[in-house]
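Please keep the model open while you read this note. Each point takes one part of the fold and can be checked by eye.

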Amino acid sequence: VGFGKAVLGMAAAAEDILGERLARGVVSVPAGIQESLRRAGMQDMLLRPHSRIRVMEGAKDNRPDREALRAAGAIRELAEGLRADDLLLVLISGGGSALLPAPVPPVLLEEKEELTRLLASRGAAIQELNMVRKALSLLKGGGLARLAHPAQVVSLILSDVIGDPLDIIASGPTAPSSHSVQDCLRILHKYELLTSLPRSVETVLSSSPAKPAAPEDYSHVFNVIIGSNALALAEAKRRAEELGYAAMVLSAAVCGDVGRVAALYCQLIQL
């Protein structure tokens with residue numbers, strides 16, 4: 001099971017390693033990624049013909065769509081059919097929120113997408129967007145891991161969020177949420193959306209648990225960060241020092257408007 005731009009190559013590697021032990025799988029990846037890899041001559045990142053891993057493309061321009069919704073349904077069906085002696089290998093990267101859209105009924109995909117768009121247009125950070133997404137999702141906020149119980153779950157994660165919070169990266173399909181419905185309501189109030197929610201969203205939020213799930217509910221899950229900004233910076237520093245440079249990591253937590261951040265770094269280089 002996988003999501004995100006780097007996951008297809010990871011799935012291909014997993015298929016080689018697991019060989020005949022691999023029963024089946026579903027990979028949700030961005031639309032057009034397979035053709036892009038072929039054009040780039042990177043066929044080794046593609047799955048073999050007649051693979052037992054099913055590739056489903058969707059979320060064009062990183063927006064949830066019907067294809068991604070079908071992929072989420074296939075992933076959900078796979079997870080629900082697992083038993084105690086099964087192992088669910090989950091590959092997660094940035095983009096997973098758009099590639100795994102499964103709204104809690106009666107919320108419609110279009111309603112959830114419009115709410116996400118409104119939040120983003122008003123300046124909501126990725127952490128805030130994903131808190132709201134989790135509250136309205138069947139598979140995010142640990143939902144995938146709960147459905148897979150009692151099978152063992154191993155999740156290999158490429159982080160695209162500062163600080164690597166497991167429940168925020170791709171909206172945390174295999175991590176218990178550290179946020180409550182009250183956190184979601186505060187975000188909606190902050191961006192003046194609380195009084196204009198669709199009735200379906202109001203219904204789901206009003207029936208959501210007041211507190212996050214207890215950590216012990218996820219004792220069958222093992223989450224591993226295998227790539228992140230901090231890891232990339234540490235490796236870049238190490239390599240630069242090997243080449244004879246005096247290297248220093250200024251920060252692993254820079255965020256903001258890219259134009260302003262780039263201007264700041266240009267000034268630092270000049271100094």
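1. How many residues does helix 3 have, and how far does helix 3 reach from its first C-alpha to its last? Helix 3 has 15 residues and reaches 21 Å. That is close to the 21 Å expected at 1.5 Å a residue. The expected span is 1.5 Å times one less than the number of residues. Helices (H or I, at least four residues) and strands (E, at least two) are DSSP runs, numbered from the N terminus.

2. A word on the source. This is a predicted model, in which local features need pLDDT of at least 70, side-chain atom pairs count only at pLDDT 80 or more, and totals for chains, interfaces and linings use all residues. Residues are numbered from 1 along each chain as its sequence is written, and side-chain values use heavy atoms, with hydrogens and water left out.

3. Stay with helix 3 (66-80). Its buried residues are Ala68, Ala71, Ala72, Ala74, Ile75, Leu78 and Ala79. Buried means under 20% relative accessible area, exposed means over 50%, and partly exposed lies in between (1.4 Å probe, protein chains only). Seen down the axis of helix 3, the buried residues fall within an arc of 160 degrees, so they line one face of the helix. The arc is that of the directions from the helix axis to the C-beta atoms. An α-helix has 3.6 residues a turn, so residues three or four places apart point the same way.

4. What covers that face? The cover over the buried residues of helix 3 includes strand 1 (25-30), strand 2, strand 3, helix 4 and helix 7. At the start of helix 3, a side-chain oxygen of aspartate 65 comes to within 3.3 Å of the backbone nitrogen of glutamate 67.

5. Alanine 59 is in the loop between strand 2 (53-58) and helix 3. Aspartate 61 is in the loop between strand 2 and helix 3 too. Alanine 59 has a positive phi of about 55 degrees although it is not a glycine. Phi of aspartate 61 is near 60 degrees, again a positive value in a residue other than glycine. Most residues other than glycine have a negative phi, and most peptide bonds are trans. Aspartate 61 counts as exposed, at 67% relative accessibility.

6. Two cis peptide bonds deserve a check. One joins proline 105 and proline 106, with omega about 10 degrees. Proline 106 sits in the loop between helix 4 and helix 5. Another joins histidine 149 and proline 150, with omega about 15 degrees. Proline 150 is in the loop between helix 7 (143-148) and strand 4.

7. Three strands form an open sheet in the order 3-4-5, with parallel pairing. The edge strands are strand 3 (87-92) and strand 5 (221-227), and each pairs on one side only. The twist averages 15 degrees from one strand to the next. Strands of a sheet pair through backbone hydrogen bonds, either parallel or antiparallel. Strand 4 (residues 152-158) and strand 5 pair over six bridges. Two strands pair if DSSP finds at least two bridges between them. Leucine 156 stands opposite valine 224 in strand 5.

8. Which helix packs on the sheet, touching strand 3, strand 4 and strand 5? Helix 1 (residues 7-18) does, and its direction makes about 150 degrees with that of strand 3. Contact means heavy atoms within 4.5 Å. Axes are lines fitted to C-alpha atoms, for helices over the stretch in contact, and angles run from 0 to 180 degrees between N-to-C directions.

9. Helix 6 (residues 126-135) is mostly covered, with seven of its 10 residues buried. Among them are Glu128, Leu129 and Met131. The buried residues of helix 6 pack against helix 4 (96-99), helix 5 (109-121) and helix 8 (181-190).

10. Finish with arginine 133, in helix 6. Arginine 133 is buried, with a relative accessible area of 14%. Its side chain makes a polar contact with the side chain of asparagine 130 (2.8 Å). A polar contact is a pair of N or O atoms within 3.5 Å; within protein, one must be able to donate a hydrogen and the other to accept it, and residues adjacent in sequence count only if both atoms are side-chain atoms.
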